[in-house]
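Have the sequence and the 3D view ready, and take your time with each stop.

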Amino acid sequence: INQLLAGGYHYCCCGISSRVMSNTGRTQGQKTQNYYKTLCSHFEGNKRSKEYVAHQAKVHSVGWSCDGSRLASGSFDKTITIWSLESDRLGREGTYKVHTGSVDQLRWHPTKPDVLVTASGDKTMRIWDARAGRPTGTVSTKGENINISWSPDGHTIAVGNKEDLLTFVDTRTLKVKHEEMFKYEVNEISWNKTGDQFFLTNGNGCVVIFSWPEFKHLHTINAHPANCICIEFDKSGSYFATGSADALTSLWDVSEFVCIRTFTRLDWPVRTLSFSYDSQLIASASEDLFLDIAYIQTGDKVYQVPTQAPTFTVAWHPKKYILAYACDDKDKYDRDTGGVWLFGLPNSS
């Protein structure tokens, strides 16, 4: 009932008195408010950020392995770095330069914690074994790659390039099994959590949804009045969020394609999003000099993480309230620092 009310639906239940419904609503509202206070209190005690440097240029993408034991970062300097999480700090396992172009996006395998894939401007995508620190497979594509996504079953990788061509690769054979060219700007791409639908955001402010594996158009959502830049699904599969050039983050119901609420605290185009492991928090970032962390159930601000520069990428840990992110940080000589940040560390450490 509460989910339906949150989505703007009206629900009538025969045989339940209005007094009971009212009391239930008050109880649920109090629980929501109490949990919100608990979240705010947690970050007041765990609001420290720490930078880790491994790259020689700006970091474009960060991501956690499915078990949270490793973090990977990809950079404009053509390298990826694999980090291990040790308690509340990162240890660098290695930095690897195999690509001959910028590493623009990376994604870990949905169920195998040692496998990830990278998309590069060198017109390749590479599948990596994180333990060995080397690629186990390379697929050449037709353009400079900027976006990549892994299907929930791990059998398909979708990669998008600057010419708005999507290429779908079978991970078991490393063969291209489908290509789709679009006449509009294609931004981020993702499967839903059940793997039967494929989503993309575009330059017209839309979210376009296709069936999978048939790749037949199902629906187009006019999500924003400006360029729809990024999309992210929560871990439960109940929600997805979009970020736009209109500076709004929108939260959507997956089953009904209904906008539940918007988050309005950023002033610049929203470039990156991430849901927390329990689907209670969403982090949004842009050229604003802070990261916005919001409570999903109400949209209220839980915390704002101050930054010194625009933020390119954010990623919540899959089991903890620890947020990895990377910004366009510069040193005193105006050179890229190439750093990765962790937020959510204990104040006393």
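The report below begins with how to read the model and then visits each topic in turn.

## Before you start

This is a predicted model, in which local features need pLDDT of at least 70, side-chain atom pairs count only at pLDDT 80 or more, and totals for chains, interfaces and linings use all residues. Residues are numbered from 1 along each chain as its sequence is written, and side-chain values use heavy atoms, with hydrogens and water left out.

## Salt bridges

How many salt bridges does a search of the whole structure find? The search finds 14, where a salt bridge is a side-chain nitrogen of Lys or Arg within 4 Å of a carboxyl oxygen of Asp or Glu. One of them joins Asp129 and Arg131, with the closest N and O atoms 3.2 Å apart. Asp129 is buried at 16% relative accessible area, whereas Arg131 is exposed at 59%. (Buried means under 20% relative accessible area, exposed over 50%, and partly exposed in between, with a 1.4 Å probe and protein chains only.) These two residues also belong to a network of salt bridges that links Arg70, Glu93, Asp114, Asp129 and Arg131.

Next, find Lys162 and Glu144, whose closest N and O atoms are 3.3 Å apart in another salt bridge. Lys162 lies in the loop between strand E11 (156-161) and strand E12 (165-170), and Glu144 in the loop between strand E9 (134-140) and strand E10 (145-150), so the pair ties together parts that are 18 residues apart in sequence. Strands (E, at least two residues) and helices (H or I, at least four) are DSSP runs, numbered from the N terminus. Glu144 is partly exposed, at 33% relative accessibility.

Asp292 and Arg265 form a salt bridge too, with 2.7 Å between the closest N and O atoms. This pair links distant parts of the chain, 27 residues apart: Asp292 is in strand E24 (residues 290-295), and Arg265 is in the loop between strand E21 (258-263) and strand E22 (272-275). Asp292 is buried at 3% relative accessibility, while Arg265 is partly exposed at 26%.

## The largest pocket

The largest pocket has a volume of about 1,400 Å³. A pocket here is an open set of points on a 1 Å grid over the protein atoms alone, where a 1.4 Å probe fits, with protein on both sides within 12 Å along at least five of seven lines; lining residues have an atom within 4 Å of a point. Grid points are joined across faces, edges and corners, and the volume is the space filled by probe spheres set on the points.

Which residues lie nearest the centre of this pocket? They are Gln105, Leu106, Arg107, Glu188 and Glu232, out of 47 lining residues. The strands that give two or more residues to the lining include E6 (103-108), E14 (186-191) and E18 (228-233). E14 gives the most, with 6 residues. The lining divides into 22 nonpolar, 17 polar and 8 charged residues. (Ala, Val, Leu, Ile, Met, Phe, Trp, Tyr, Cys and Pro count as nonpolar, Asp, Glu, Lys and Arg as charged, and the others, Gly among them, as polar.)

Ser84 sits in strand E4 (residues 79-86) and is buried, with a relative accessible area of 13%. Setting aside residues up to four places away in sequence, Ser84 touches Ser69, Arg70, Arg89, Leu90, Gly91 and Glu93, where contact means heavy atoms within 4.5 Å.

Thr111 is in the loop between E6 and strand E7 (115-120). Is Thr111 buried or exposed? Thr111 is exposed, at 54% relative accessible area.
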